[in-house]
Amino acid sequence: MGSLPLNTFNPLDPAEFSDESHAVIDFIADYYRTVENYPVRSQVKPGYLSKHLPNQAPLFSEPIDTILEDIRHDILPGLTHWQSPNFYAYFQANASTAGFLGEMLCSGLNVVGFNWISSPAATELENIVMDWMAKLLKLPPCFLFSGGQGGGGVLHGSTCEAVVCTLVAARDRTLRKIGHDAISKLVVYASDQTHSTVQKAARIVGIPPTNFRIIPTSAASGYSLTAHSLRAAIKADVAKGFVPVYVCATVGTTAVGAVDPIRDLGKVSNEFGAWYHVDSAYAGSATICPEFKHYFDGVELADSISMNPHKWFLTNMDCCCLWVKKPSELVDSLSTNPEYLRNKASEGNEVVDYKDWQISLSRRFRAIKLWVIIRRYGVINLVEHIRSDVAMAKQFEMMVSMDKRFEVVVPRKFSLVCFRLKPRFDGDDASSINQRLLEMVNSSGRAFMTHAKVDGMFVLRFAIGTTLTEMRHVEMTWKLIQAKAEDILLEDV
Ligand code: PLP
């Protein structure tokens with residue numbers, strides 16, 4: 001009698017792992033070599049993929065070469081190529097070799113360090129890397145594990161998660177003082193430039209939608225939230241019996257890259273006892289350069305601060321750094337201690353259990369990725385990487401301002417340039433021509449930009465930061481924009 005060949009399926013056979021990983025790496029290397037040739041914004045129509053793929057999962061195993069061939073043929077055309085050097089949309093998700101290697105180590109080792117004992121090195125490396133990052137960003141000691149004041153940092157997958165966690169801690173801190181039934185009194189403050197993640201977080205944590213204050217900004221303040229308008233909004237609420245619970249300031253807003261006055265807003269938030277969060281998702285990376293450090297002036301007044309290495313720190317998705325002055329406030333809101341996780345180290349209070357600093361229990365070993373990036377490139381190269389993007393943005397801004405048909409709408413601070421075709425005569429619908437211009441550039445497949453609306457104006461955003469972008473790409477795209485603008489202006493005569 002024969003037996004069933006139970007040993008033939010080994011999904012983690014080291015020899016196969018090595019062979020097939022090499023095939024995938026070669027595939028990706030080839031992708032990077034040719035990424036410039038793909039239309040940057042995918043040109044497919046909704047539903048295209050189901051025409052290419054079978055509607056049932058395969059019963060038997062398929063070779064990796066066949067799968068890679070299908071990716072080349074069916075998936076790549078449906079991708080918007082974020083790693084294309086001509087990608088200037090949203091904010092970049094800049095990949096790098098070290099970021100990829102770190103991600104591979106994270107995924108390959110595949111440990112789940114939810115508490116210290118579940119993988120001590122994962123927790124301890126995260127403690128160390130968060131302090132390294134804090135020092136690179138010149139954050140004050142109150143946010144460092146080694147700062148001796150009880151602070152520390154944690155890696156989340158996204159700013160959205162970080163904001164939810166800090167808002168939960170803020171909510172509970174306030175409700176412990178005023179009673180848990182008073183949740184309908186809590187008010188969250190943001191500006192009309194604050195990322196929508198804060199509004200989403202407020203909804204998630206149960207702040208009534210009518211208690212989310214969106215304070216207007218204007219060109220006069222460079223689209224920054226002023227302390228004067230924050231104070232006025234808070235005072236009006238307090239007079240009606242509301243309780244300020246959370247203020248979010250931003251360094252590098254999504255639409256136009258504005259910077260809120262961190263110290264001034266911090267003073268107001270502290271005066272009224274609101275949790276003060278600084279979101280520097282995009283521009284936080286720039287503060288590793290001394291010339292951008294001043295944007296964090298006053299950050300010691302914050303309760304928490306976050307930034308996304310996956311935007312501008314050569315870190316493959318995903319990675320968000322969150323520092324908190326009093327991590328115990330996060331833990332008070334987020335910790336659970338089921339019997340099956342109990343252990344001596346946690347009970348001895350000698351260790352960090354990151355499960356209590358985040359929403360989920362399971363967590364990725366992101367620290368190894370950030371650690372590999374910092375070690376592999378060194379601070380010198382990381383600073384140079386930021387500076388070269390900023391230098392290209394500066395040149396682009398100059399080219400725009402030298403063309404009389406265009407105007408730079410918001411003075412550039414980092415690597416984002418906001419500009420538009422000027423209205424040609426009184427009453428000209430500048431928004432509509434800029435919308436057309438954007439669509440013509442994007443549908444050409446040769447570059448991809450996105451837009452913002454400021455003061456009712458439709459503005460084109462040119463965000464530089466994709467790792468492969470060089471000045472020749474920026475110049476080529478500017479020529480493309482000019483040529484498309486020419487077509488529009490000629491059509492309209
Ligand atoms: N905050 C700012 C200022 C952003 O620009 C972004 C994304 O662009 C976010 C938050 C959201 O980040 P995440 O996707 O990591 O949640």
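Does Ala233 count as buried or exposed?

Modeller: Ala233 counts as buried, at 18% relative accessibility. Buried here means under 20% relative accessible area, exposed means over 50%, and partly exposed is in between, all with a 1.4 Å probe and protein chains only. Before going on, two housekeeping notes. This is a predicted model, so local features need pLDDT of at least 70 and side-chain atom pairs count only at pLDDT 80 or more, while totals for chains, interfaces and linings use all residues. Residues are numbered from 1 along each chain as its sequence is written, and side-chain values use heavy atoms, with hydrogens and water left out.

Back to Ala233, which is found in helix 7, residues 227–239. Helices (H or I, at least four residues) and strands (E, at least two) are DSSP runs, numbered from the N terminus. Setting aside neighbours within four places in sequence, Ala233 is in contact with Tyr189 and Ile215, contact being heavy atoms within 4.5 Å. Pro244 is eleven residues from Ala233 along the chain, and their C-alpha atoms are 9.8 Å apart.

Seven strands make up an open sheet with mixed pairing, in the order 1-7-6-5-4-2-3. Strands pair here if DSSP finds at least two bridges between them. Strand 1 (152–156) and strand 3 (212–215) stand at the edges with a single partner strand each, so one side of each has no neighbour in the sheet. From one strand to the next, the twist averages 20°. Packing on the sheet is helix 6 (residues 197–204), which touches strand 2 (186–191), strand 3 and strand 4 (243–250), and its direction makes about 165° with that of strand 3. Those angles run from 0 to 180 degrees between N-to-C directions, with axes being lines fitted to C-alpha atoms, for helices over the stretch in contact. Helix 8 (residues 262–271) lies across strand 4 and strand 5 (275–279), at about 160° to strand 5.

Ser304 stands opposite Val324, and the partner of Ser306 in strand 7 is Leu322.

With those cysteines around, which ones are bonded? The structure holds zero disulfides, a disulfide being a pair of cysteine sulfur atoms within 2.5 Å. Cys160 is in none, and the nearest cysteine sulfur, that of Cys320, is 9.1 Å away. Cys160 counts as partly exposed at 31% relative accessibility. The sulfur of Cys319 has its closest cysteine sulfur in Cys321, 5.1 Å away, which is too far for a bond. Cys319 itself is buried, with a relative accessible area of 0%.

On the domains: the assignment for the chain gives domain 1 (6–81), domain 2 (111–364) and domain 3 (375–491), with bounds that come from an automatic or database domain assignment. The C-alpha centres of domain 2 and domain 3 lie 31 Å apart, and their contact takes 27 residues from domain 2 and 24 residues from domain 3.

One last stop is Trp116, in the loop between helix 3 (97–109) and helix 4 (120–136). Trp116 and Asp353 are 237 residues apart in sequence, yet 5.5 Å apart in space, C-alpha to C-alpha. Not counting residues up to four places away, Trp116 touches Thr123, Glu124, Ala345, Val351, Val352 and Asp353.
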